[in-house]
Amino acid sequence: MARTRSSSSSTTWRYVNPAYYLKRPKRLALLFMAFVSVSFFVWDRQTLVREHEDELFKLKEELLQLQNQLEELKHDDNPVKKINVVKSKNLDDLPSDPIENERRQKVKDAMVHAWTSYEKYAWGHDELQPQSKNGVDSFGGLGATLIDSLDTLYIMGLDDEFQRAKEWVENSLDFNKNYDASVFETTIRVVGGLLSAYDLSGENVFLEKAKDIADRLLPAWDTPSGIPYNIINLVNGNPHNPGWTGGDSILADSGTEQLEFIALSQRTGDPKYQQKVENVIRELNNTFPADGLLPIYINPHKGTTSYSTITFGAMGDSFYEYLLKVWIQGNKTAAVKPYRVMWETSMKGLLTLVRRTEPSSYAYISEKIGSSLIDKMDELACFAPGMIALGSSGYGPDESSKFMSLAEELAWTCYNFYQSTPTKLAGENYFFHSGQDMSVGTSWNILRPETVESLFYLWRLTGNKTYQDWGWDIFQAFEKNSRVESGYVGLKDVNTGVKDNMMQSFFLAETLKYLYLLFSPPSVISLDEWVFNTEAHPLRIVTRVDQGEPSKQHTSNIRLRARREGRFGKP
C-alpha cells in the first residue's frame, strides 16, 4: 500500500512539472488549448451575467415608471383623462414621394383657404355662405364647421388655428338651444368631431363637451323598441320623427351612432351611451333578413321595417358602414364578432344588387323596392368601395380577393361619375339604361367626399398610386370649379358649372381630410390604430373584451399609447 501511494504521488507531481511538457510539445499544445477554452468560457459567463444585470436594471426602471403611471390612473376619476400627446415630426420630414409632398401641400393650402374664410366671415356659425360672405346656422348654431374641422386642423399641423378653435369650444360652445336637432347629424358631426379632437390632442374640454351634447340626445332612444326617434329638442329633450317619414325612423339615422356612443362610454367609463346604441343593433338583429338588406324606414314602436327602398345610398348607407366599423373599433375580438357576421350577411345581399352597364361594363349598386331593382346609384353610395376594401381582409383568401376586385370595379365607376361631366365633378346620383353607360340624374354637386374616401382606402390597402392620381384629378376639378374668393362652393349643375352659395362643413371634415391623407405616409392616422366615423373623424381603436362594457385596461392604454407614439400613431 505504501508503494502504491508513493507511486501515485510521484505521478501527480510529474504532470504539474513544467519540464515534463517542455519535453513533450504535443501535450503542451493540448494543455494550452484547454486553458484558452476554459478562459473563454469563464469570460463569456461573466459577460452574460453583466448583460443580464443591465437588462434587469432597465426592466426595473420601466416597471417603476409603469407603477407610477398606474398610480396616477388609480387616482384619476376619468380612466382616459388626458392624452398627453407629443407633437409629431413635420410630415415633410417623413419619407415620401416628392409628388405626394407637393399634392399634400396643395390640399393643405386649400384647407387654409377654406378655414380662414370661415373664420373671417362665419366664425361660430354652422356653415359659411362664401358668395354672400356670411354665416348660417344649419344645425342650430352649434358651430358645426368649427367642430367638424378640429381634427383636420390638428392632423394638418395647423396648430394656431386649432388653438383658436379650441378656445371657442371652451368659452363659447353652448348646447342649451331651443332647437330640434337631427340626432344623426349632431352625433356624427358634433359628438364625433369632439371625441376625435380629444383622442388626437388629449384636451379634456372636448370630452366634457361631447358628454354634454350626448346627454341631451339620449332621450331619443326612449322608445318601446329602443329604435331612436331621429329628432330631439336640445333644451326640453322632446323627441319625434319627421312628418315626411309617416312617423317612422330612418335606417341610417338610427344605426349610425354606435361608433361615437361606444367611444364615449369607453372614454368616460359610463356604459349608458354604449347600452343605448347597442340595443338598436340587437333589436334589428332579432329579425335580420337572410340577405342582410333592410328598408330605410323602421317603426320605432315595434322595431319592424316598413315597405320602403333598400339602398346603399341616402338613408341606408352608413348603417352598413357601422356594422363593419364597430367590429374594427373593438379590435375584431369575439365581443364584436356579431357586427362582422351581420355585415357579411349584408355583403351577400349587396352582391345581388350589383349590375354592370353596357357597353363599358361599369359595375354599380342598384336600389331595390319590393322585388324590383332600380338602376340608380347615389354618389353617396360611393363610400361602398372603401368599405368593401376595408372589410375584405376579414375573409378567407378567395372571398377576400373577390370583394377587393369588386371594390376596385366600383371605385372605377365612381371615378367616372366625375370624369363623365363637363366640369369633371360628379352629380348627386346617376341612372343606368340599356346600351347607355350612365347619365346624371340630380345634377348638383355639394362638395361630397365619398369617392375620395374610397380612393383613400384603396390606396392605403393596395399601394396602387393610380388611386392617388384619380384623387388628384378630383381635387383639381374642385379647385377649378368650386374655389372662390371666400372659400369653396358647390355647383347647382355639374353640366353648366353654375355655382351655389354654401361651403358644407363636411368639405373641411371629410373631403379635404381624405385628400390630405391620400397624399400622406400610411403612418399618419394608421388604419391599425384608428377607425373613421362616417364624418371622417378618426377614433382610436380600443379592444373590446366582453359584450357588456368596454375594457377599462385597454381604455387606459389609449393614454399610455399616445404618450409613446406621438401625434398620429407609431412612427
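Residues are numbered from 1 along each chain as its sequence is written, and side-chain values use heavy atoms, with hydrogens and water left out. Because the model is predicted, local features need pLDDT of at least 70 and side-chain atom pairs count only at pLDDT 80 or more, while totals for chains, interfaces and linings use all residues.

The protein has 571 residues, and 56% of them are buried. Buried means under 20% relative accessible area, exposed means over 50%, and partly exposed lies in between (1.4 Å probe, protein chains only). The fold holds 19 helices and 18 strands. These are DSSP runs numbered from the N terminus: helices are H or I with at least four residues, and strands are E with at least two. Among contacts with a separation of 6 or more, 70% join residues 24 or more positions apart. A contact means heavy atoms within 4.5 Å.

Confidence is given as pLDDT, the predictor's confidence in each residue, from 0 to 100. The average pLDDT is 88, and 79% of the residues score at least 70. Residues 71–89 have a pLDDT below 50, yet this stretch has 52 contacts in the model beyond near neighbours in sequence. Residues 548–555 also fall below 50, with 17 such contacts. Where pLDDT is low, the predicted coordinates should not be read in detail.

Helix α14 spans residues 384–392 and is mostly covered, with nine of its nine residues buried. Among them are Met-387, Ile-388 and Leu-390. The cover over these buried residues includes α12, α13 (337–353), β9 (363–365), α15 (397–419) and α16.

The structure holds one disulfide, defined as a pair of cysteine sulfur atoms within 2.5 Å. The partners are Cys-382 and Cys-414, with sulfur atoms 2.1 Å apart. Cys-382 lies in the loop between β12 (376–378) and α14, whereas Cys-414 lies in helix α15; the two are 32 residues apart and link distant parts of the chain. The torsion about their S-S bond is about -95°, so the disulfide is left-handed. Both Cys-382 and Cys-414 are buried.

On a 1 Å grid over the protein atoms alone, a pocket is an open set of points where a 1.4 Å probe fits, with protein on both sides within 12 Å along at least five of seven lines; lining residues have an atom within 4 Å of a point. The lining has 33 residues, and the closest to the pocket centre are Phe-184, Glu-185, Ile-188, Arg-189 and Asp-253. Helix α7 gives the most, with five residues. Elements that each supply at least two residues include β3 (180–182), α7 (183–201), α9 (251–254) and α12 (317–329). The lining divides into 16 nonpolar, six polar and eleven charged residues. Ala, Val, Leu, Ile, Met, Phe, Trp, Tyr, Cys and Pro count as nonpolar, Asp, Glu, Lys and Arg as charged, and the others, Gly among them, as polar.

Ser-439 sits in strand β14 (residues 436–440). Beyond four places in sequence, Ser-439 touches Asn-429, Tyr-430, Phe-431 and His-433. Ser-265 belongs to helix α10 (residues 258–268). Ser-265 is buried, with a relative accessible area of 1%.
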